[in-house]
Amino acid sequence: MQHIKSTFNKIFDYAVLYNILPFSPSQVVKLRASVDEKIAKKERLNDKFLNAAEIKALISELKKRRNPSYLDLALFLLGTGCRIGEAAALTVDSIDFQKKTVTIDRSLQSHDLTVDNYYLDTTKTPAGERVEELPDFVIEALKRSIERNKMVDQLHSECPSDAFHFSKAIFRTEYGSPITSHSFRELLSRISSYLRKNCETVYGFKWTKNVVPHSFRHIHVSILRSDSSISLKEVQERVGHVEEETTDGYTHRFSHSQAKSVKAVDAFADKIGITN
């Protein structure tokens with residue numbers, strides 16, 4: 001039922017966006033769930049959320065991967081709370097390095113499609129179109145990715161390969177195509193499998209989490225909500241939420257200007273050492 005309602009939400013939100021309907025009727029529909037269903041949902045959400053120690057372990061493992069774009073993508077998602085499709089759609093012209101902002105106004109659609117058939121669509125909701133201020137560690141990740149792409153493009157221009165796809169995406173696979181939810185999810189799944197076996201030996205605690213691309217959105221919202229000086233409205237504007245209930249669903253507890261948001265994320269990154 002939740003999946004069906006989600007589909008109707010997208011249809012009616014599209015109608016509202018283009019003034020076909022004055023409001024979305026599906027927004028007033030609330031699904032009832034049993035206690036067991038609510039507990040199961042909460043457990044699934046908690047499995048996606050990582051605490052500070054778990055984030056440090058994950059970042060450490062991403063640093064060992066052959067393609068550094070996955071690390072830079074993870075840092076971008078952690079520092080912005082963007083959806084993976086929004087990040088995959090980013091190009092250089094989405095970034096204003098002088099103002100330290102990113103414009104989110106599109107999303108890459110890749111599900112069940114070949115690379116040649118990927119296409120850009122609108123964000124998940126009208127509120128998803130936004131401008132976010134960026135922490136310094138995210139700026140550095142973007143700069144690294146852009147410079148790396150220039151070198152790789154130059155290499156493949158001089159030595160063409162049929163396997164390589166030239167794209168304007170900032171975050172790319174080794175074959176030049178945008179990193180999608182599917183490819184990032186596969187990598188995170190492999191890392192989680194490794195950590196379930198080795199985390200206690202390497203990092204001193206047991207790994208029980210199921211990290212997915214959307215985990216970074218949960219973490220970002222939770223970092224901001226744990227700072228009482230940051231208003232709910234600022235958090236909603238930053239991640240493109242309209243309903244307070246939606247934002248609450250992303251909030252897990254740690255033990256108008258977005259400056260406070262940026263400061264909070266930067267402070268968290270410094271605390272766990274991912275900016276070094």
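**A cluster of rings**

Begin by selecting Tyr70, Phe184 and Phe216, which ring pairs link into a cluster; rings of Phe, Tyr and Trp (its six-membered ring) pair if their centres lie within 6.5 Å, and planes under 30 degrees apart count as stacked, over 60 as edge-to-face and the rest as tilted. This is a predicted model, in which local features need pLDDT of at least 70 and side-chain atom pairs count only at pLDDT 80 or more, while totals for chains, interfaces and linings use all residues. Residues are numbered from 1 along each chain as its sequence is written, and side-chain values use heavy atoms, with hydrogens and water left out.

A search of the whole structure finds 6 aromatic pairs. One of them joins Phe184 and Phe216, a stacked pair with 6.0 Å centre to centre and 10 degrees between the planes. This pair links distant parts of the chain, for Phe184 lies in helix 7 (residues 181–203) and Phe216 in helix 8 (residues 215–225), 32 residues apart; helices (H or I, at least four residues) and strands (E, at least two) are DSSP runs, numbered from the N terminus. Both Phe184 and Phe216 are buried, where buried means under 20% relative accessible area, exposed over 50%, and partly exposed in between (1.4 Å probe, protein chains only).

**Around Phe184**

Now show the neighbours of Phe184: not counting residues up to four places away in sequence, Phe184 touches Tyr70, Leu73, Ala74, Leu77, Ile84, Ile179, Pro213 and Phe216, a contact being heavy atoms within 4.5 Å. Phe184 is also among the residues with the most contacts inside the largest nonpolar core, which has 56 residues; such a core is a set of buried Ala, Val, Leu, Ile, Met, Phe, Trp, Tyr and Cys residues joined through side-chain atoms within 4.5 Å. The largest share of this core, 8 residues, comes from helix 4 (residues 69–80).

**Helix 11**

Next select helix 11 (residues 259–272), whose 14 residues reach 20 Å from the first C-alpha to the last, close to the 20 Å expected at 1.5 Å a residue; the expected span is 1.5 Å times one less than the number of residues. Which residues of helix 11 are buried? They are Ser261, Val262, Ala264, Val265, Asp266, Phe268, Ala269 and Ile272. These buried residues pack against several elements, including helix 3 (52–62), helix 4 and helix 9 (232–239). Gly273 follows helix 11 and has a positive phi, near 80 degrees.

Switch to the strands, where 3 of them form an open sheet in the order 1-2-5 with antiparallel pairing; two strands pair if DSSP finds at least two bridges between them. The edge strands are strand 1 (95–96) and strand 5, each of which pairs on one side only. Strand 1 is joined by 2 bridges to strand 2 (residues 101–104), and Asp96 stands opposite Thr101 in strand 2.

In the loop between strand 1 and strand 2, select Lys100, which has a positive phi of about 60 degrees although it is not a glycine. Lys100 is partly exposed, because its relative accessible area is 37%.

Finish with Asn19, in the loop between helix 1 (2–17) and helix 2 (35–48). Asn19 has a positive phi as well, near 60 degrees, and its relative accessibility is 71%, so Asn19 counts as exposed.
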